Amino acid sequence: MNLNKDSQAIIINIVRDAARDIIMPHFRHLDADQIARKSTQLDLVTVADQACERYIAEKVADEFPDWSIVGEEAVADNPERLKDIATAETCMIIDPIDGTWNFANGLSDFGVIIAVVVKGVTVFGLLYDPVHDDYVYANKGEGAFLVRPDSEPVSLSVTPELEIEKMLGILSFYSYAPEVNRQLAVKSTAFARTNSLPSCHAYRQLAIDHFNFGLFLKMNPWDHAAGVMILEEAGGYCRLLNGSEYSPTMPNGKLLIAQSKEQWEKLAEWFEVEP
């Protein structure tokens, strides 16, 4: 079951309203007591994350009462909610503010990620940028598109760069154990450039064809369910490093995103000594 145009528009408008009324008024206006740590000093939650997730969840429940809703902050309170992704007929996954550390520290690389999953398969994905009020979205089997304010949707397609030394990649050197970070740092010297971006902007940059690949070592479904489907709709190739197909129900893995199967195979060989 794919989403019809009306359902897509409802979801997009709910997210835009939440960004306008909740996220942006808090951006660069958070007090210290409105920011809390979850697990580490880099893993933050703010009052805006919580309020945005509640707003989106309540509005979606009103419009689609038969859907299950799995939000990042709700899962932090009750990890059992994750099971709904695999068991529900239709489930919406919400990352209310992806890149909370950036948001809390006044940096504009943050966004909202929405995925709609039917029987464990993502059928709709949205990567929304609240700062610029633009978004990348895809409905499964219908291509991926970039929409900017007051403009027509632009169809997205990726163009593989097959020479390792010319590739631009997205890697995080700070999210993992020190030995993993060291291995990634050494591997990254082969490429023309590597950046660290939160998932929303990472997948946007990949789908818009500004970067060639991404390697992700954490499998939170709110980070990847939408982005993987969007990039595949733009012509990309996404697999775990062991060759398995990605599923939003996967709890663990190492996910390599590339612009083609040939490019993926070349990168997988480069990362063969798995980080």
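**Fold and nonpolar cores**

Buried residues (under 20% relative accessible area with a 1.4 Å probe, protein chains only) make up 53% of the 275 residues in the protein. This is a predicted model, in which local features need pLDDT of at least 70 and side-chain atom pairs count only at pLDDT 80 or more, while totals for chains, interfaces and linings use all residues. Residues are numbered from 1 along each chain as its sequence is written, and side-chain values use heavy atoms, with hydrogens and water left out.

The protein has 9 helices and 14 strands, taken as DSSP runs (H or I, at least four residues, for helices; E, at least two, for strands) and numbered from the N terminus. Its radius of gyration over C-alpha atoms is 18 Å, close to the 19 Å that the globule rule gives for 275 residues, so the protein is as compact as a globular protein of that length. The rule is 2.2 Å times the number of residues to the power 0.38.

The largest nonpolar core has 41 residues. Such a core is a set of buried Ala, Val, Leu, Ile, Met, Phe, Trp, Tyr and Cys residues joined through side-chain atoms within 4.5 Å. L255 and I257 touch the most other members of this core. Elements that give two or more residues to the core include β4 (90-98), α7 (199-207), α8 (221-233) and β14 (255-258); α8 gives the most, with 7 residues. Leaving out residues up to four places away in sequence, I257 touches Y203, L206, F213 and V228, among others, where contact means heavy atoms within 4.5 Å.

A second, separate core of 37 residues includes F27, C52, M92 and L126.

Methods
Buried means under 20% relative accessible area, exposed over 50%, partly exposed in between (1.4 Å probe, protein chains only).
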